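Trainee: I have a structure to read for the first time, and I would like to learn how to go through it feature by feature. Could we look at it together?

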Amino acid sequence: MNADHTTASVPSVLGPIVDVCADLYRLGWAENHAGNLSYRLTDAELACFPPSDGTRGARFESPFPDLAGASFLVTAAGSPFRLLVKDPTRHTGVLTVSADGSAYTVVWGFEDGKRPTSELPAHLRGHQERGKVEPDNRVIMHCHPTNTVALTQVHELDEASMTRTLWASNSESILAIPRGIGLLPWMVCGTDHIGVESAAKLRDSSIVVWASHGVLVAGRSVQAAMGVVESVEKAAKTYLLTRGGERRPIADHQLRELAAAFGIDPPARFLP
Ligand SMILES: [Zn+2]
């Protein structure tokens with residue numbers, strides 16, 4: 001992390017998270033207010049944050065009993081990643097889930113009245129369900145990788161078919177997503193419904209593609225989660241760049257017309 005990202009009072013666990021948010025912004029996958037991230041803190045990492053007065057928090061619409069007592073570093077609602085990297089104490093925060101899983105308390109951050117991302121239910125459901133198959137999972141991340149979103153607008157919306165397309169686009173794709181992708185049809189974002197559907201998909205795959213929107217990805221670290229998104233996005237881009245049937249290049253006879261019009265004598269091996 002660059003020294004100007006934070007002050008000395010910010011715990012070091014924020015470093016890789018701020019870095020990945022900066023990368024997502026620079027890659028164009030977290031434009032405007034897009035993108036959110038949650039990281040499950042270890043007890044030792046939580047201890048690095050100064051204790052709060054416990055006066056801020058909220059109740060969940062539906063409880064998360066499996067996450068009782070767990071603490072998360074979460075990006076704030078409406079906080080552009082472009083600004084987050086310059087002021088993480090305002091645009092991120094730490095929350096702890098209550099002992100019965102029905103509410104959370106803010107431990108640190110979310111300064112100036114900021115609140116956790118509106119996708120918090122989707123994140124917590126993701127942690128809850130992914131944790132059942134991958135106990136070491138720590139990260140749930142959402143972003144808008146451009147080519148992956150474009151793929152959902154031209155490709156058959158079928159999980160198996162899209163996975164095969166991605167695998168067939170790069171030799172290392174099947175290594176990056178050996179369990180394939182989860183795929184959800186278009187639905188309203190920011191709701192518990194998309195959170196429930198995504199969490200169910202995260203039991204089978206580390207990445208869920210939301211049609212015409214983006215991805216929700218899980219990982220043991222921010223680097224692991226980012227790596228999966230990069231691989232899917234690269235395969236999607238390669239597929240889109242090589243998709244046939246629509247190209248209308250300049251025909252040979254048109255090139256000859258151009259050559260004649262401008263007095264060019266192209267070598268015969270290039271234009272018979
Ligand atoms: Zn989004």
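## Reading the model step by step

Mentor: Let us start with the fold as a whole, keeping in mind that this is a predicted model. Of the contacts in the protein with a separation of 6 or more, 69% are between residues 24 or more positions apart.

Trainee: What does the secondary structure of the protein come to, and how many of its residues count as buried, as a percentage?

Mentor: The secondary structure comes to 11 helices and 9 strands, and 47% of the 272 residues count as buried. Along its principal axes, the C-alpha trace spans about 80 × 40 × 30 Å. The protein exposes about 13,700 Å², of which carbon and sulfur atoms supply 51%.

Trainee: Are His142 and His213 buried or exposed?

Mentor: Both His142 and His213 are buried.

Trainee: Turning to helices, which residues of helix 9 are buried, and why do they line one face of the helix?

Mentor: In helix 9 (residues 192-201), the buried residues are Ile194, Gly195, Ser198 and Ala199. Seen down the axis, these buried residues of helix 9 fall within an arc of 130°, and therefore they line one face of the helix. They pack against helix 5 (120-133), strand 7 (182-184), strand 8 and strand 9.

Trainee: Which values does phi take at Asn32 and at Asp112?

Mentor: Phi of Asn32 is near 50°, a positive value in a residue other than glycine, and Asn32 is placed in the loop between helix 1 (14-26) and strand 1 (36-40). Because its relative accessibility is 55%, Asn32 counts as exposed. Asp112, also a residue other than glycine, has a positive phi near 60° and lies in the loop between strand 5 (103-109) and helix 5. With a relative accessible area of 63%, Asp112 is exposed.

How values were computed
Residues are numbered from 1 along each chain as its sequence is written. This is a predicted model: local features need pLDDT of at least 70, side-chain atom pairs count only at pLDDT 80 or more; totals for chains, interfaces and linings use all residues. Side-chain values use heavy atoms; hydrogens and water are left out. Buried means under 20% relative accessible area, exposed over 50%, partly exposed in between (1.4 Å probe, protein chains only). Helices (H or I, at least four residues) and strands (E, at least two) are DSSP runs, numbered from the N terminus. Contact means heavy atoms within 4.5 Å. Accessible areas come from the Shrake-Rupley method with a 1.4 Å probe; for residues, only the protein chains shown count as cover. The arc is that of the directions from the helix axis to the C-beta atoms.
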